[in-house]
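Here are my notes on this model, jotted down while going through it. Have a look at the structure first, then read on.

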Amino acid sequence: MIKLFSTITRKKEEFKPITDGFVRMYVCGPTVYGMPHLGHAKSYINFDIVARYFKHLGYKVKYVQNITDVGHLVGDGDEGEDKIERQSKRENLDAYEIAYKYEVEYFKNMDKLNVLRPSISCRASGFVTDMIDVVKDILDKGYAYVTNEGNVYFDVRKYEKYGQLSNRNIDNNLSGERIEVASDKKNPEDFALWKSVSPETLMQWSSPWGNGCPGWHVECTALGKKFLGNTFDIHGGGIDNIFPHHECELAQGDIHLGRLPMNYFMHNGLVTVNGTKMGKSLGNFITLPDLFEKYDPMVIRYFILQFHYRSAVDFSDDGLVVAEKQFKKLNDTISLVTSKTSEEKEITDELLKNIYNDFHSAMDEDFNTSLAMVEFNKIIKIINTAVEQNNTEMYPQINYFVNKLGKDVLGLVFTFNEEKTEEIPSEIKDLAEKRWSAKQSKDWTTADMLRNEIASKGYVILDNPNGYKIEKK
């Protein structure tokens with residue numbers, strides 16, 4: 001039984017799919033106006049894990065993710081410049097070029113992190129007519145109004161449940177520090193469903209209210225309905241989107257559909273850098289390409305998985321260095337088995353079976369990767385014991401454990417280096433054989449002298465229970 005924390009009810013709930021064996025899941029995608037960053041990595045790894053775990057349990061998963069390429073204004077409000085339009089001026093490219101350029105970069109970097117592609121990835125600009133239909137319906141139901149400037153706003157005062165997700169009160173400065181108040185609104189807290197734009201704006205569409213573009217929030221309502229139906233199971237996104245984005249989305253969705261579109265709303269925690277919220281304005285903004293210059297993408301993934309998805313992750317080089325060492329140890333240990341055989345067998349060993357079950361118990365409890373990783377890392381001791389005892393019968397069970405949990409669920413990619421086939425010079429082989437004979441005769445002085453001579457020629461002797469191995473330094 002899976003339990004997940006729903007922001008709507010603010011408690012863990014048993015997951016009950018609308019359709020048995022089928023999960024419909026919508027996750028807010030990126031606004032494509034800049035290079036993907038560490039915050040993207042955390043968010044999409046978190047929800048990648050959710051989708052992977054459901055698939056592991058045998059569910060069919062339909063995962064929809066939007067690409068915001070229009071309508072997201074600077075500051076997340078209803079006044080100001082579109083983020084993509086602003087970037088187009090900076091780079092001297094048109095808005096469509098900017099959106100496509102950074103959409104490609106987003107997926108390229110997610111691929112490196114082994115984040116699976118969603119079932120459907122949809123650009124907002126391709127579904128504006130669907131959004132116009134949503135706006136028309138909300139207007140017809142009396143919950144929105146058109147201004148002389150050609151803008152359409154949702155009338156928040158008419159929707160009594162506004163604030164249900166963010167737990168905010170309308171009369172308690174609901175507009176918030178992030179939202180600039182447009183001059184043509186009836187109430188400061190009203191939000192845009194449709195915005196008029198200047199004639200020179202490239203991304204604009206005709207509508208009953210004049211040329212313009214959809215508001216940021218309306219795209220998720222329209223796209224969720226189009227690809228997942230009037231009601232779907234899970235909506236995911238970052239905790240920073242609870243207000244205003246998801247609060248507004250709930251309000252318009254409730255009015256348009258007659259109920260909330262999703263049964264569960266999940267939110268992942270943010271990324272901080274040395275204890276401070278990450279942001280471009282603070283100068284601590286870390287793009288993934290820059291990060292990959294220093295760390296392998298699997299180290300980043302391993303690092304993020306050590307935290308529960310609802311927890312904040314404090315990024316630091318010290319933390320990544322530790323994760324790098326831990327992942328190397330895990331990878332190198334697993335390679336002791338995977339380099340010998342790829343055979344898999346279901347687990348019968350009692351100790352390994354218990355760890356396997358404890359991993360599932362951790363994931364069942366609100367996708368707790370923090371505890372699941374503790375269980376998974378116990379495979380290091382299992383492998384070392386099997387290797388020391390030359391218990392090769394355990395190898396196929398270990399492979400099953402690693403592939404089902406480490407690869408399929410956690411999405412970690414393990415590699416191993418083939419042993420070098422470089423020919424060892426005959427001189428070194430002769431010295432090594434003489435050293436071995438001296439060691440067998442317990443002539444430690446001669447053995448040590450020969451070891452030092454071998455080392456001076458650039459080679460090392462590694463003793464093992466079956467003899468020794470020669471390696472180049």
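1. Start with a charge over a ring: the charged end of R168 sits over the ring of F243, 4.1 Å from its centre. K60 does likewise with F22, its charged end 5.3 Å from the ring centre. The test here is NZ of Lys or CZ of Arg within 6 Å of the ring centre and within 35 degrees of the ring normal.

2. Some housekeeping. This is a predicted model, with local features needing pLDDT of at least 70 and side-chain atom pairs counted only at pLDDT 80 or more, while totals for chains, interfaces and linings use all residues. Residues are numbered from 1 along each chain as its sequence is written, and side-chain values use heavy atoms, leaving out hydrogens and water.

3. Now the ring pairs, of which the structure holds 24 (Phe, Tyr or Trp ring centres within 6.5 Å, the six-membered ring for Trp; planes under 30 degrees apart are stacked, over 60 edge-to-face, the rest tilted). Y53 and F367 are edge-to-face, because their planes stand at 90 degrees, with centres 6.2 Å apart. Y53 is in helix 1 and F367 in the loop between helix 10 (350-364) and helix 11, so this pair ties together parts 314 residues apart in sequence. Helices are DSSP runs of H or I, at least four residues, and strands are runs of E, at least two, numbered from the N terminus.

4. Y53 is buried at 0% relative accessible area, and F367 is buried at 1% (buried is under 20%, with a 1.4 Å probe and protein chains only).

5. F367 also matters for the core count: of the 131 residues in the largest nonpolar core, F367, I398 and F401 touch the most other members. Helix 1 (residues 38-56) gives the most to this core, 10 residues. A core here is a set of buried Ala, Val, Leu, Ile, Met, Phe, Trp, Tyr and Cys residues joined through side-chain atoms within 4.5 Å.

6. What do the buried residues of helix 9 pack against? They pack against helix 8 (297-305), strand 14 (313-315), helix 11 (369-376), helix 12 (379-388) and helix 13 (395-409). Among the buried ones are L320, F327 and V337. F327 also belongs to a cluster linked by ring pairs, which includes Y302 and F401.

7. Last, D254 in helix 6 (residues 242-257). D254 counts as buried because its relative accessibility is 8%. Its side chain makes a polar contact with that of Y159, at 2.6 Å (N or O atoms within 3.5 Å, one able to donate a hydrogen and the other to accept it; residues adjacent in sequence count only if both atoms are side-chain atoms).

How values were computed: Buried means under 20% relative accessible area, exposed over 50%, partly exposed in between (1.4 Å probe, protein chains only). Contact means heavy atoms within 4.5 Å.
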